[in-house]
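The questions below ask what lies behind some of the terms used for this predicted model. Each answer sets a value against its cut-off.

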Amino acid sequence: MNYLMPHSPKKDISLNEYGLLSNLNFVLKDMCDVKNLKTSCGNPDFFKKCDFANDYAPFLKDLLNEGTVLKGITVCDEFFYSLIGENGHYGTPTNLNAPSCVPGGSSSGSAAALTTDLYDFSIGSDTGGSVRIPASFCGLIGMRPTHNRINTKGVYPMAPSFDTIGWFANNPEIFQKVGNVLLNNIERSNVDFKQYVVAEDLLELCDAEVQDNFNNYINVNIPNINKTRLSTNTKAIIADNFRILQGAEVKENIIPWIENNKPNISPEIRSRIDMASKITDIEVNRALIFRKTLIDEIKKSLPEGTIAVFPTSPFSAPKSGQDDESLGSFRKRLMELTSIAGMTSRPQITIPRLKDKSGPVGISLLGWKYSDEILLNKLMEI
């Protein structure tokens with residue numbers, strides 16, 4: 001079980017025997033408050049200096065109060081700063097659905113755990129793709145909800161203007177049940193679904209085999225679907241502006257602790273921390289202006305009532321154990337597909353529907369703000 005942290009609870013944790021999630025068990029990403037436990041955020045030195053939590057994160061308490069049982073804490077990428085799923089301290093969780101390949105990150109252990117048959121669902125987080133990419137690589141259903149739909153209090157912050165709680169499951173009915181608890185009593189859209197469209201500019205970013213498999217699937221399941229282009233900007237430019245804004249918030253939320261405590265950090269994560277530390281206010285201001293313009297543009301290309309459909313990742317899971325330079329090219333391409341949801345605060349769900357040379361690839365549905373329940377109801381349609 002190399003997806004579980006060594007400081008996982010020795011006993012199952014539950015708060016209520018009965019509820020909407022009775023008889024379901026789950027595992028949790030190592031960044032959330034669990035009463036009387038510590039977290040590592042993927043770094044052993046952080047774990048040593050972290051305080052024990054006084055209570056459960058509110059979203060976690062909601063789950064436990066509905067009868068579900070917490071079975072363990074899962075490995076995550078160090079300080080959540082990767083989409084690959086390899087941790088230099090705790091290892092690479094095994095992706096049983098793509099042998100010898102990475103699980104995707106940063107919610108690596110939460111995704112890898114569901115490639116076994118031991119758990120009903122798992123919890124991760126998604127800032128730049130950290131639920132969507134491991135779900136795609138591991139062949140799972142996964143969701144990044146509308147930003148701020150789920151309370152992130154008691155969850156260690158990375159980049160709060162992008163951070164969301166997300167979840168994984170294999171079973172659509174269980175996935176919907178968990179969503180109903182996590183999204184309960186929060187603002188939702190009153191706009192009805194009107195149509196699907198293929199996001200052509202995102203599809204073009206994918207490997208030829210993924211494009212072919214996607215087109216074949218859509219032609220059978222959503223014939224005569226319309227097409228659109230989400231943005232006139234190159235997706236590399238969108239991803240770069242995301243990188244600047246995310247890095248600036250990492251500089252504010254994570255780097256001060258690193259500077260004060262001097263933890264041992266793996267080289268590949270250290271390089272990203274160093275990059276973030278050099279981001280300037282001028283860069284941030286430009287990126288904020290860009291983000292506002294992008295939001296306005298996508299409101300027109302993808303109006304309320306319309307759901308964009310495209311592959312979740314441009315390729316299936318890369319082989320594990322590659323050098324950081326090789327993995328860097330994968331990360332850049334992944335961010336070109338994932339950054340739009342974060343930059344526009346929109347919900348995105350990924351559903352395991354495609355196969356590539358090394359394993360699964362998800363199909364994503366990108367909705368409008370607060371259309372989370374509509375996306376959940378579309379699970380069985382695609």
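Q: What makes strand β4 and strand β9 a pair, and which way do they run?
A: Strands count as paired when there are at least two bridges between them. Three bridges join β4 (residues 141-144) to β9 (residues 348-355), so the two are paired. They run antiparallel, and R144 stands opposite Q348 in β9.

Q: How do you know that β9 also pairs with β10?
A: The cut-off is at least two bridges, and seven join β9 to β10 (residues 360-366), again in an antiparallel arrangement. A hairpin of four residues connects these strands, with K355 opposite P360 in β10.

Q: Why are helices α11 and α12 called roughly perpendicular?
A: Their axes make an angle of about 95 degrees and are 9 Å apart. Angles of 65 to 115 degrees count as roughly perpendicular, and α11 and α12 are therefore described that way. The contact involves F290, R291, L294, I295 and I298 of α11, and I340, G342, M343 and T344 of α12. By type, these residues are six nonpolar, two polar and one charged.

Q: What makes the F46 and W257 rings a tilted pair?
A: Ring centres must lie within 6.5 Å to pair, and these are 4.9 Å apart. Planes under 30 degrees apart would be stacked and over 60 edge-to-face; here the angle is 50 degrees, so the pair is tilted. F46 lies in helix α1 and W257 in helix α9, 211 residues apart.

Q: Are F46 and W257 buried or exposed?
A: Buried means under 20% relative accessible area. F46 has 5% and W257 has 18%, so both count as buried.

Notes
Residues are numbered from 1 along each chain as its sequence is written. This is a predicted model: local features need pLDDT of at least 70, side-chain atom pairs count only at pLDDT 80 or more; totals for chains, interfaces and linings use all residues. Side-chain values use heavy atoms; hydrogens and water are left out. Axes are lines fitted to C-alpha atoms, for helices over the stretch in contact, and angles run from 0 to 180 degrees between N-to-C directions. Angles under 35 degrees count as roughly parallel, over 145 as roughly antiparallel, 65 to 115 as roughly perpendicular and the rest as oblique. Contact means heavy atoms within 4.5 Å. Ala, Val, Leu, Ile, Met, Phe, Trp, Tyr, Cys and Pro count as nonpolar, Asp, Glu, Lys and Arg as charged, and the others, Gly among them, as polar. Rings of Phe, Tyr and Trp (its six-membered ring) pair if their centres lie within 6.5 Å; planes under 30 degrees apart count as stacked, over 60 as edge-to-face and the rest as tilted. Buried means under 20% relative accessible area, exposed over 50%, partly exposed in between (1.4 Å probe, protein chains only).
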